[in-house]
Amino acid sequence: MTVTPGEAGGAVRVALNPPVDVVTVDNRATTGAAGTPSTLSITRPRGANTIVVSGSYPAGGKPVESLRTVEEPALYAAAVFRDALEARGVRVAGTTRRGRTPAGRAELATRRSMPLSALTTPFLKLSNNVIAEILVKAIGRETRGEGSWRAGLPVIERHLAAQGVSPKRLELTDGSGLSRSNRTTPRDIAAVLGKARGRTWFPAWFRALPVAGDPDPMTGGTLSGRMGGTPAAGRVQAKTGTLTGVTALSGYVSDPSGRRLIFSVVLNGYSGGAPKDIEDRIAIRLAGGPAALGRTATARQVPGPSLECTWTMTC
């Protein structure tokens, strides 16, 4: 979605890319006077394909681009494909609907996805839970011929056991960690992070981790608004994790001497807001050494939901 301001006092302009009729826009947002603060909000109510744009955005402001999830993504993809065919002169009969692949079908074209080395960037930077689920099921299909959690999770558990993670300390029930029945420990997370450093794929995977304080969403990712202006900015590359009552931050940090340290923080069962400031202070202390202790108050917390952005559709 792209939102651009109109004339002061008028509505903002909203464009969808690609423009498909399965997604509608409810534009309630107005254009504020130049220089006024933005209160722009872009949300999609659960179970609907209507995106609500509300609040105010100042006249003269730069266009705002925002990614949003959709309901029934298979039908959305089919609608995009249908429009692309028609734009190129291919007549498409009938309606777009879900169905089973008919017997005797002929393959017309094949498209392979980007390699995993590239896929890890949107996966980890934006904390894309759907990609995590797909990868686990793809592992199951590759190893056992079945694209399911039941087939994929045992493969992951065996791999983790080979990294020294005891099955007694591990419970996996889905691919993304959204289920509350998933269980692990910070020590085991740190052990896996340590083992990863010796693998050939580590450089690509390390680059895909969110970078503290970098405002570019495809670099800073879920850490874009955290630890800016502190010793941790640009020195912490780590993965966030958030559920209601649960918050975590695990990854790597360069200390003042340039050593790359491993850290893992998992906090459960707290009341009130997520104590992400504690995670930040730990990371800042590791990045800046003892001198950083007096500077942790500069850690910038950005107000937001208590869940990862791809779950609440605020990315």
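A238 has G251 as its bridge partner in strand 10 (strands are DSSP runs of E with at least two residues, and helices are runs of H or I with at least four, both numbered from the N terminus). This is a predicted model, so to speak of local features takes a pLDDT of at least 70, side-chain atom pairs count only at pLDDT 80 or more, and totals for chains, interfaces and linings use all residues. Residues are numbered from 1 along each chain as its sequence is written, and side-chain values use heavy atoms, with hydrogens and water left out.

Strand 9 and strand 10 (residues 246–254) run antiparallel to each other and share 8 bridges; two strands count as paired if DSSP finds at least two bridges between them. Further along, T240 sits opposite L249 in strand 10. The hairpin of these two strands has 2 residues between them, and there G245 takes a positive phi near 85°.

Zooming out, the sheet is open, with 3 strands in the order 9-10-11 and antiparallel pairing. Strand 9 (236–243) and strand 11 (260–268) are the edges; each has a single partner strand, so one side of each lacks a neighbour in the sheet. From one strand to the next, the twist averages 5° (angles run from 0 to 180 degrees between N-to-C directions, with axes fitted to C-alpha atoms, for helices over the stretch in contact).

Helix 5 (residues 186–196) packs on the sheet and touches strand 10 and strand 11, its direction making about 150° with that of strand 11; contact means heavy atoms within 4.5 Å. Helix 7 (residues 276–288) also packs on the sheet, touching strand 9, strand 10 and strand 11, at about 10° to the direction of strand 10.
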